[in-house]
Amino acid sequence: MNERKKCVFSGTFDPPTLGHKAVIESALNIFDEVVVAIMLNPQKTPYFTNEERLEMLKLTCPSDRVRVELFGGTVAELLEKEKTNVYVRGIRNTIDFEYENANYFATKKLKSDVVPVYLPCPQELLHVSSSIVKNSLRFGTPISEYVTKEVEDFILRKKS
């Protein structure tokens, strides 16, 4: 039986950036299916609604090998639900690595067989973050170097 290799990539994606897209595309070079999960955290108040983030992620990665969904539990629960133990994380710098590694050890306590896959961000996108996009929107500065054209159009339509 040829089992499809699947991974999970989760985050807030508020909004999805070119960095997120690069991580997903790298994961598609390794895995047959990438589950991109918008994690619902009641302690966070996102700039964009759940539905807007879902739509923007679908615009960012319109592949039949990428499934985008909302999820309200822990990463360990999400991995169990998806029947995979592979958790993909994008890394821009050592700060990201330290943060993701700490989260890995916390998740490992809940799911002992979790396998983290750290994918480095392309050098030209090291400065890109969702926070930069939100700040740019607040100050009315361009966002085109941070998000796909489709996401930029979506945001400009929504915010006009």
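Here are a few notes on this predicted model, point by point.

1. Start with helix α3, which spans residues 75–82. Its buried residues are V75, A76, L78, L79 and E82. They take up an arc of only 160 degrees around the axis, so they sit on the same side of α3.

2. Just past the end of α3, have a look at K83, where phi is positive at about 55 degrees.

3. On to the rings: searching the whole structure turns up four aromatic pairs. One of them is F9 with F13, an edge-to-face pair with 5.4 Å from centre to centre and 80 degrees between the planes. F9 counts as buried because its relative accessibility is 5%, and F13 is buried too, at 2%.

4. Y47 and F48 also pair up: their ring centres are 4.9 Å apart and their planes meet at 65 degrees, so this pair is edge-to-face.

5. Finally, P62 belongs to the loop between α2 (50–60) and β3 (66–71). Buried or exposed? P62 counts as exposed, because its relative accessibility is 69% and the cut-off for exposed is over 50%. Its C-alpha lies 13 Å from that of E33, a residue 29 positions away along the chain.

Technical notes
Residues are numbered from 1 along each chain as its sequence is written. This is a predicted model: local features need pLDDT of at least 70, side-chain atom pairs count only at pLDDT 80 or more; totals for chains, interfaces and linings use all residues. Side-chain values use heavy atoms; hydrogens and water are left out. Helices (H or I, at least four residues) and strands (E, at least two) are DSSP runs, numbered from the N terminus. Buried means under 20% relative accessible area, exposed over 50%, partly exposed in between (1.4 Å probe, protein chains only). The arc is that of the directions from the helix axis to the C-beta atoms. Rings of Phe, Tyr and Trp (its six-membered ring) pair if their centres lie within 6.5 Å; planes under 30 degrees apart count as stacked, over 60 as edge-to-face and the rest as tilted.
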